[in-house]
Amino acid sequence: MPFSKPVPARRGVRTAMPGEGAGASSRLSGGPSAGATAGSSGAPGAPDQSAAPSSSGPSSSGHAGTGRENLPGILFGIGAYGLWGLLPLYFMVLKPAGAVEIVANRVVWSLVFCAILLTVMRAWKPMLAAGRNPRTVGTLAGAALLIAVNWLTYSWAVLNEHAVEAALGYFINPIVSVLLGVLVLKEKLRPLQWAAMAVGFIAVLVLAFAYGTVPWVALALAFSFGFYGLVKKGIGSRVDAVSSLTIETAVLTPIAVGVMIWLSVTGAATLTTNGAGHLWLLVASGIITAVPLIFFGAAARRLPLSTVGLLQYLAPTLQFILALTVFKEAMPPERWAGFGLVWLALVMLTVDMIGGPRRNRRLRAAAAV
């Protein structure tokens, strides 16, 4: 909802939501107009925020509606971020499949599921229209490569006892969103955002000490997801979520099919060698990728952006809890200190975000005068 010229726009990068992760992490940076940009894959499991613009556009006027309107939105939001948060459990039951095979199958079966979904929804026309636009396809191809890096890093982290660090990556994603806004989009930050950035930088230093090295997994996840949202910003609301995911997976499918063939030829594939149950679990990756994305779009249509922004913390929180309780990963005191600083920075960004509507009302009133 861009404001009239005299009113300064809220600043910040909008990112995808992870997952796949992800979703509305950039909203915590006090991003520009609520529905102006796109970006959810994707994410841990690639959430694609291209659903957000249309959902936070015309229908956003209903966000202040009745509780009956908001309850389904909250349930859809919990469903989306809850499924993304539980994704590590799915990856663990896919063993002995490795990260590369999981991502290759995820790409191929996501494309199959999207094709079925487009047929059922009779929505091939907008997808084909987007596919005929070279600029749109080029932008989504860049987004596809970024989300592939995100998916591969996340899968490897979960399968190799780095689930805590993976959760950290999605916790610091809002901070990275703000950083990208400053470095790439030349946006100006408010004092509380600068303070949050400083706390986040100190947190990375503390965590580097705790891990004995730079937390590359967390940074790779946060920055790949952040740049994914930045690339998708160029798409705006021109492409809906399902069409966007279809084109992105279509771009990656030739590579994914080649990987699956190579794994099969070398005897490393598990798709058809570990029983019917394992096969169908891998095939289900298409549904597991797309369903949270659809839930996210339904939530974004019904809820204020501030609510969606707060719900996003559910995914990395669940991942963090699973890492400690199910996967029994170590969490020494120095890591707790680093995570504590990250959470403090997120509280600061959240406070700044929640105060955004009040600031904007004051700015509109001043402009009217």
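## Charged pairs and their surroundings

Asp352 and Arg190 are both buried, a term that stands for under 20% relative accessible area, with exposed meaning over 50% and partly exposed in between (1.4 Å probe, protein chains only). The model is a predicted one, in which local features need pLDDT of at least 70 and side-chain atom pairs count only at pLDDT 80 or more, while totals for chains, interfaces and linings use all residues. Residues are numbered from 1 along each chain as its sequence is written, and side-chain values use heavy atoms, with hydrogens and water left out.

A salt bridge is taken as a side-chain nitrogen of Lys or Arg within 4 Å of a carboxyl oxygen of Asp or Glu, and by this rule the count comes to 2. The table lists the pairs.

| Salt bridge | Closest N and O atoms |
|---|---|
| Asp352 and Arg190 | 2.6 Å |
| Lys232 and Glu248 | 3.0 Å |

Asp352 forms its salt bridge with Arg190; Asp352 lies in helix α16 (residues 333-354) and Arg190 in the loop between α8 (173-183) and α9, so the pair ties together parts that are 162 residues apart in sequence. Helices here are DSSP runs (H or I, at least four residues), numbered from the N terminus.

Turning to the enclosed parts, helix α7 (residues 163-171) has 9 of its 9 residues buried, so it is largely enclosed by the rest of the structure. Among these buried residues are Glu165, Tyr170 and Phe171.

Leu205 and Gly338 are 133 residues apart in sequence, and their C-alpha atoms are 8.1 Å apart in space.

On the surface, Val112, Ile116, Val120 and Met121 form a nonpolar patch with about 380 Å² of accessible area together. Such a patch joins nonpolar side chains (Val, Leu, Ile, Met, Phe, Trp, Tyr) within 5 Å, from residues with over 30% relative accessible area and no salt bridge. Val112 belongs to helix α4 (residues 99-121) and counts as partly exposed at 38% relative accessibility.

Definitions and conventions. Helix = DSSP H or I, 4+ residues; strand = E, 2+ residues; numbered from the N terminus. Patch = residues over 30% accessible without salt bridge, like charges linked within 9 Å, V, L, I, M, F, W, Y side chains within 5 Å. Areas by Shrake-Rupley, 256 points an atom, 1.4 Å probe, with all protein chains shown as cover.
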